[in-house]
Each structure stands twice: as structure tokens, then as C-alpha cells.
Amino acid sequence: MSVSRPNNLDAYWMPFSDNRYFKAHPRMLARAEGMSYYTPEGKEVLDGTAGLWCCNAGHGRVEIKEAIQKQAAILDYAPTFQLGHPIAFEAAARIAEMTPEGMDRIFFTNSGSESADTALKIALAYHKARGESSRVRLIGRERGYHGVGFGGMSVGGIGGNRKQFGALLPYVDHLPHTHGLAANLFAKGQPAEGAHLADALEALVALHGAETIAAVMVEPVAGSTGVLVPPVGYLERLRELCTRHGILLIFDEVITGFGRLGTPFGAERLGVTPDIMTMAKGLTNAAVPMGAVAVQNAVYDAVVDGAAAGIELFHGYTYSGHPLAAAAAIATLDLHRAEDLPGRARAIEPYWQEAAHSLRSLPNVIDIRDCGLIAGIELAPRAGKPGARATEVFRRCFDDGVLIRVTGDIIALSPPLIVERPHVDRLFGVLGEAIRAEAA
Ligand SMILES: Cc1ncc(COP(=O)(O)O)c(C=O)c1O
């Protein structure tokens, strides 16, 4: 039986998918190498999205594969509750070398969603350990995406992801998103207007009292909601207000980490250091699921030193620090260093930016945004059919051998960081044709 050509599509309930459409019109990816996927029929599909923002070092990296194979033969699994295994400690130390200075304590999870919920729980535990138990309120941002756990979903601000699931977490509030200012249309890199939108945090402080607010969580560049780049000065302002009011600032770096913005994390690129940082995806190049949360040493010290003898944080996953994932992470971080993947992203960013903005005059293109190796191309929706135009563009691109991602009527692009100019040309060439073809 060939696993790449299933003939029964019934059993698998696909995530975030139109199962009925897919099962009637399956589009499969069977294999991957370098910058490309291959369908079961052997057709090449250029990867314009690094899988789901995660295969930053490109596909099929032998170094990562061999590290996983080797580790599987040494230690398949070992518990990390009250026991340890060496490679998890090594992976944590390696991540800590890459995180901003002073953020040297690493908690392992298995996904971005688990990282988001872990970060929120650490923030609550931090305040409690410091005797500020009244700080229970969590602040997110409209259009934020922090995965699908109840914490991340509640603090996240995407209506479509919340409406099926009841009351969600209490004591959650949201800042306004930073999108839609006319002056920022077709901005290259960080848009100029909108730093003042961070001041909405002052209004929430006035409304609820700083002593009730535990944390603010935002993506440095919001990805899943359609590439929203922070206005110049916005994150700085948020940082300042959080510090002033004793609120922890959490950056969800699940897509902005590991070179996506041309620096190890978005924090460096954007010049703002949070108190807590989530990560996943690019951490292992997605070869084995793994997430992590990095915290300022003072956050760790407060929780750990502030606890009575015994377990300090009642949180963790069976697979936290899984040996195979740890091996994949170390091999991935080796590649980042050996090949200077953030540097490669920086070097090609101007070419990428120009290519993205070259679509400006195409029919129905109403905005283009970019930061690092991310681009968002927003299309005017078809009357009464939101998302339909971009979905057709997605299908057309796939059939023409290019993988893009769409969210609503926004096309989001985030190629592996090994992308080269001919890939960029092909990606935007095929995408431009598809946008033209869906002009009606
Ligand atoms: C910023 C952000 N946070 C969290 C997540 C959730 O990650 P996962 O799907 O691994 O749970 C994502 C996924 O795209 C993300 O972009």
C-alpha cells in the first residue's frame, strides 16, 4: 500500500479545512525537497509558504533527518517530570544562546498553541508568586492568532476561530488591531502611522486597574490574520506601557522566530524585548513537532524561588523536551548558524519586497504589506462572497505549481529562507497570472 496515494479519504477529519471540498477535489503533497513539494503524480509545487511558516531551512534537510534517526536509536522517549535526559537540556541551552540576552530559561511544549497557553499560565503564576494574585486579566489584540487552545483562542482576536466554542476564558480584553489606516496602504516594511494605537492599553488600565492585568500578548508581525506589520513606534510604546504598569509583555514569535524577519527573533528586528516569548514551527524546521517558551531570567526566578519546596510550576506535557524533537531542534539551530539563514533572509529581502510590490497595479489588489521574508497581498472580495477570490487564486497557483496561503481575501507568503531570486520570480509570476485570471 502506498501511503502517498490513499484511496479512502473518509477517516481523516482535516484541520482548518473545507473537508467536503477537499475530499471531492483532493490536492495532495507527497514528498518535499529544498524549495519544493511534489504531488503523488510527481508534479513539482514551489513552496511559497515554508509549509505553514515553518520549514525555514528548506525541505528534506539531511542534517536534521540524520539527527532524528540517530537520536531515535539512542533514546526514543524518556519522561521529563522529575527526571531528565541530556539532549533536552542541550536543546534548551542552544535556544537560550539565540534568544535576546537575559531570556535564558526555556520551557518546552509541542506546538505554537501549547506555547501560547504555557506563556499565559507562566504570566499568571509569576504574578501570584510575587504576591499580586489580583493580576489575572489577559490582554490580546483584535485579529491576533495564538493558536487553538482555550487560552490562545480567547486572547486571540479572530472571530471566526472563536464563534463555535462558547464562552471562552473570562477576564480577557483586546487592544485594537493596527490595520486599515489609509496612510499605511502599500507601505514597504513597517508602516509609518499607528503607534498611538498602543495607547488603548492605557484605556484598559484606566478601566480595569493595572493591578488586575497580568499580561499583554501580541504577535510582533501578525501572520495568520493576513500579515499585519506593526507601525513604527507601536511595539516600543506597548513595551513602555507594560513596564510602567507592571504588566508582562508576551511576544508570540511562533512565525517571526528563527530568521523569518532576518534576525533570530522578531524582537531583534523590531528593537523591542518582551518578558516572555513563544516559539514553535521553525524551531525544528517542523521535522518533529516542538514548541518552546523563553522567559526573562527574572520571571523564572520569581516563579521558582517564590514557590514552596517541591514542584514550582504545575504545568507540562508528556512530550515536553521529547528527545527526537530536541535532536531536530539542535540540528536546525546548527543549520541556522552554519548557513546564516537570518542573514540570507536579510540579503534577499529587498528583492523580495520589490517583487511583492510589483503586483500593485494588478486587478483587485487593494494593499500589499511586507516585513522580512513575509508578504501579504490583499484582494478586494467578490461581492457577497468573502474569501472566494483568494481561494480561487490559491487553487489556480497550486495547479500551476506554486503553493501560496490565503486567509480571507489576503494572500500570505513566507518562503523557506533558502529562497533565491529565480524562485521569487516564479512565485510572483505565477501569483500575478492567477490574480489576473480571477479579475472578474
Ligand atoms: C503566531 C502564532 N501563534 C500560534 C500558532 C499556533 O501554532 P500551532 O498550530 O503549532 O499550534 C500559530 C500558527 O500559525 C501562529 O502563527
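Helices here are DSSP runs of H or I, at least four residues long, and strands are runs of E, at least two long, both numbered from the N terminus. With that in hand, let's start at the ligand. Helix 5, residues 112-129, gives the most to the shell around the ligand: three residues. In total, 14 residues surround the ligand. A residue counts as near if its C-beta atom, placed from the backbone, lies within 6 Å of the molecule or strand in question. The closest are Ser-111, Gly-112, Ser-113, Gly-147 and Val-254. By class, the shell around the ligand holds five nonpolar, seven polar and two charged residues. On those classes: Ala, Val, Leu, Ile, Met, Phe, Trp, Tyr, Cys and Pro are nonpolar, Asp, Glu, Lys and Arg are charged, and the others, Gly among them, are polar.

A word on the model. It is predicted: local features need pLDDT of at least 70, side-chain atom pairs count only at pLDDT 80 or more, and totals for chains, interfaces and linings use all residues. Numbering runs from 1 along each chain as its sequence is written.

Next, the domains. The assignment gives domain 1 (19-60 + 340-437) and domain 2 (65-338). Such bounds come from an automatic or database domain assignment. The C-alpha centres of domain 1 and domain 2 lie 26 Å apart. Contact means C-beta atoms, placed from the backbone, within 7 Å.

Now the helix pairs. Axes are lines fitted to C-alpha atoms, for helices over the stretch in contact, and angles between N-to-C directions run from 0 to 180 degrees.

Take helix 5 again. Helix 5 packs on helix 11 (residues 297-305) at about 60°, with the axes 8 Å apart. That makes helix 5 oblique to helix 11. The cut-offs: under 35 degrees is roughly parallel, over 145 roughly antiparallel, 65 to 115 roughly perpendicular, and the rest oblique. The crossing of helix 5 and helix 11 is left-handed. Left-handed means the near helix is turned anticlockwise from the far one by less than a right angle; right-handed means clockwise. Ile-122, Ala-125, Tyr-126 and Ala-129 of helix 5 meet Val-299, Ala-302 and Val-303 of helix 11. This contact has seven nonpolar residues, no polar and no charged.

On to helix 12, residues 323-338. Helix 4 (residues 86-98) packs against helix 12 at about 35°, with axes 9 Å apart. Helix 4 and helix 12 cross left-handed. Among the residues in contact are Ile-87 and Met-98 of helix 4, and Pro-323 and Leu-333 of helix 12. The tally is 10 nonpolar, no polar and two charged.

Helix 3 (residues 62-74) also meets helix 12. Their axes come within 8 Å and cross at roughly 150°. Helix 3 and helix 12 are therefore roughly antiparallel. Helix 3 passes helix 12 in a right-handed crossing. The contact of helix 3 with helix 12 has 11 nonpolar, two polar and three charged residues.

Methods: Two residues are in contact if their C-beta atoms, placed from the backbone, lie within 7 Å.
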